[in-house]
Amino acid sequence: YRKKFFLKKNNLHPDYFMYFQTKPFLLRLFYFYIKELNMNTDLLRHKLKERFCRYAEIWTTSDSSAADNGILPSTPRQLNLAKVLVDELKTMGIDNAEISADGYVTASIPATFGNDSILLCAHLDTSEDVSGENVTVQLHENYSGTPIYLKNEIVLNPENNPQLSACANTADTIITSDGSTLLGADDKAGISAIMTATEYLLAHPEIPHCKLELLFTPDEETGHGMDKVPLDKIKSKIGYTVDGGDSSEIEAECFNAYSVSVDFIGIAMHFGYAKGKMQNAVIMASNFIQLLPRNESPEATDGYDGYYCATNITGNVEAAHVDIILRDFSTAEIERRIATLKTFAQCIESQFPGGKVILNIRKQYSNMKEEIDRFPEVLENLKQAVKNAGGNSELSPIRGGTDGSRLTELGIPTPNIFTGGHNFHSRQEWLSLNQLELSCKTLIELAKLYAR
């Protein structure tokens, strides 16, 4: 009866007693471990807070133009964080931690029970949309629900930010930058959760856990995070990225994503004699952008809506260039968007006789839903792990992509786990320490579940 009560209370598999029945001392240690996981919250929070603040101050912004030209990592500064992580992992006793020539950090810890293995993944780089240099981390402890004032007249107001409002009066610590840069919770929060969970499991060898493989990638933000991933180092058949947002959200479907480079070739001519001869590539490019439907832009869509987005424009009279990204959950809809851009190109050429429009279309990643649906246990275990950690899970689509999108394409189904980060890629970015703690505990629970 006592054994059944113990199993039920702690959500354990009966096979655990096959391992512990001849080792009563280890069994007692295991029981105290489970109690400690619930009681030792302050230590976990301290480790997570210290780690994240330290990682956030390391400048790791990536460069999409360099990545598009095959340079990986696109910025050497990403290696600064990679080296810090390898040093920490080796200090924990993980001698196989290493950095590949292309900037990927890999490591693993052996199972203490069973033969299963899972991959945990997060990315090193931060978005180039906002500066990530000289990040000054600010802690707003015991957040009470009042507006948070930062530099550059930036205000995080809970009245128009329900996720921030939900953190009020919960003994939470809200972490922000000072407003002059982004914070870097995307994805240094994920790295912090993985590193802290790994350290915790190594410090508690009495708990049965599966083998953990760790992967920290460069250039996720440029869309090239899986271009040179060392697959020969990865043996796990299941993975989890730790790169999400609010604590209720786990994600198993994402956009289909394409990037489109559009080159406009005009005809230069002396302006004084240009009538009937000159074709201005700058105007060609601007007219092309004006054809993109405003109601199908990022700022006008949410949920399962797709969009077009012009991200860059450069040029002169003779030649101009526009970068566009296409996003949609439906394969048919993404194909429609590609066809629409080809029609727009023909339209511009007809308006500017002699001018040329050249489209270069590149697939970035696919919606991972169909592949993950083939392995329902991957999501069921994640939902159970969140529950065991004390949270409630809610499936939601990723309006973007993760390294897990590409890993899933490569044959490793990899849904995404929340980190507690919000307002990514902006100076308004913030992180909930409570939610980051729940993310870390979820990883610990996953390792326990796969030890079954």
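A residue is called partly exposed when its relative accessible area lies between the buried range, under 20%, and the exposed range, over 50%. Lys-47 has a relative accessibility of 29%, so Lys-47 counts as partly exposed. The structure examined here is a predicted model.

Lys-47 takes part in a salt bridge. Its side chain meets that of Glu-199, with N and O 3.5 Å apart. Glu-199 belongs to helix 8 (residues 185-203), while Lys-47 belongs to helix 4 (residues 41-56). The pair therefore ties together parts that are 152 residues apart in sequence. Glu-199 is also partly exposed, because its relative accessible area is 21%. Side chains of opposite charge can pair when their charged atoms come close. In total, 23 salt bridges were counted.

A second pair involves Lys-228 and Asp-102. Their side chains form a salt bridge at 4.0 Å, N to O. Lys-228 sits in the loop between strand 8 (211-217) and strand 9 (239-242). Asp-102 sits in the loop between strand 1 (98-99) and strand 2 (105-109). This pair thus links parts 126 residues apart in sequence. Lys-228 is partly exposed at 36% relative accessibility. Asp-102 is partly exposed as well, with a relative accessible area of 22%.

The closest N and O atoms are 3.4 Å apart. Arg-406 lies in helix 13 (residues 403-409), and Asp-227 lies in the loop between strand 8 and strand 9. The two residues therefore tie together parts that are 179 residues apart in sequence. Asp-227 has a relative accessibility of 39% and counts as partly exposed. Salt bridges with shared partners also build a network. Its members are Lys-47, Glu-50, Arg-51, Arg-54, Glu-88 and Glu-199.

Leu-72 was examined next. Leu-72 is found in the loop between helix 5 (64-68) and helix 6 (78-91). Its relative accessible area is 11%, which is under 20%, so Leu-72 is buried. Neighbours within four places in sequence were left aside when its contacts were listed. Trp-59 is 13 residues from Leu-72 along the chain. The C-alpha atoms of Leu-72 and Trp-59 are separated by 16 Å.

Definitions and conventions
Residues numbered from 1 in each chain as written. Predicted model: local features only at pLDDT ≥ 70, side-chain atom pairs only at ≥ 80, totals over all residues. Heavy atoms only, no water. Helix = DSSP H or I, 4+ residues; strand = E, 2+ residues; numbered from the N terminus. Buried < 20%, exposed > 50% of the residue type's maximum accessible area, 1.4 Å probe, protein only. Contact = heavy atoms within 4.5 Å.
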